[in-house]
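Dear colleague,

Please find below the structure that I am handing over to you. My notes on what was found in it follow.

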Amino acid sequence: MKRLTLFLCSIMLAAVACSSTKELSTTSTETVKSGKKFTLSMKSNPSTGYRWVWANKAEAAADSVSYEFAADENKSKMMGAGGTDTWTFKAKAEGADSLVFLYVRPWDKETAPADSMVFHFKVK
């Protein structure tokens, strides 16, 4: 699943390369200008009860601006089909930081996360 997610993140990065919003990758540390927006994209399937939860929001050097789920285009009419979560953030404080996401069923506190992703970035 991690390989597929990394591949899809790479595709999303290429798709938004001309955009004013930067797409972060889990494979490198990206530099973001203070006050500028950046996005994170992660494959998900909310019909399973799982969702991506931002685990370290209290101490992060970024603020969440928006969240959107988009069903996979070729499966958008299928019940239970997965898609992509896209989070948009605004960099707020200079320095190095990471955003940590856990793929969990929010009501199930006893089960370990099914997956996790860490996005590293520097704010200048």
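Strand 5 (residues 62-71) and strand 6 run antiparallel and are joined by 9 bridges; two strands pair if DSSP finds at least two bridges between them. Helices (H or I, at least four residues) and strands (E, at least two) are DSSP runs, numbered from the N terminus. Please note that this is a predicted model, in which local features need pLDDT of at least 70 and side-chain atom pairs count only at pLDDT 80 or more, while totals for chains, interfaces and linings use all residues. Residues are numbered from 1 along each chain as its sequence is written, and side-chain values use heavy atoms, with hydrogens and water left out.

Strand 6 and its partners

Within the pairing of strands 5 and 6, Ser64 has Phe89 of strand 6 as its bridge partner. Strand 6 also pairs with strand 3 (residues 37-44), in the antiparallel sense and over 8 bridges. Thr39 stands opposite Thr88 of strand 6. Of the 9 residues of strand 6 (residues 83-91), 7 are buried, so this strand is largely enclosed by the rest of the structure. Here, buried means under 20% relative accessible area, exposed means over 50%, and partly exposed lies in between (1.4 Å probe, protein chains only).

Aromatic pairs

Rings of Phe, Tyr and Trp (its six-membered ring) pair if their centres lie within 6.5 Å; planes under 30 degrees apart count as stacked, over 60 as edge-to-face and the rest as tilted. By this rule there are 11 aromatic pairs. One of them is the tilted pair of Trp52 and Tyr103, at 4.8 Å centre to centre with 35° between the planes. Because Trp52 lies in strand 4 (residues 51-54) and Tyr103 in strand 7 (residues 95-104), this pair ties together parts that are 51 residues apart in sequence. Trp52 is buried, at a relative accessible area of 2%, and Tyr103 is buried at 7%.

Trp54 and Phe101 form a stacked pair, at 6.5 Å centre to centre with 20° between the planes. Trp54 belongs to strand 4 and Phe101 to strand 7, so the pair ties together parts 47 residues apart in sequence. Both residues count as buried: Trp54 has a relative accessibility of 8%, and Phe101 has 0%.

One aromatic cluster is formed by Phe38, Trp54, Tyr67, Trp87, Phe89, Phe101, Phe119 and Phe121.

With kind regards
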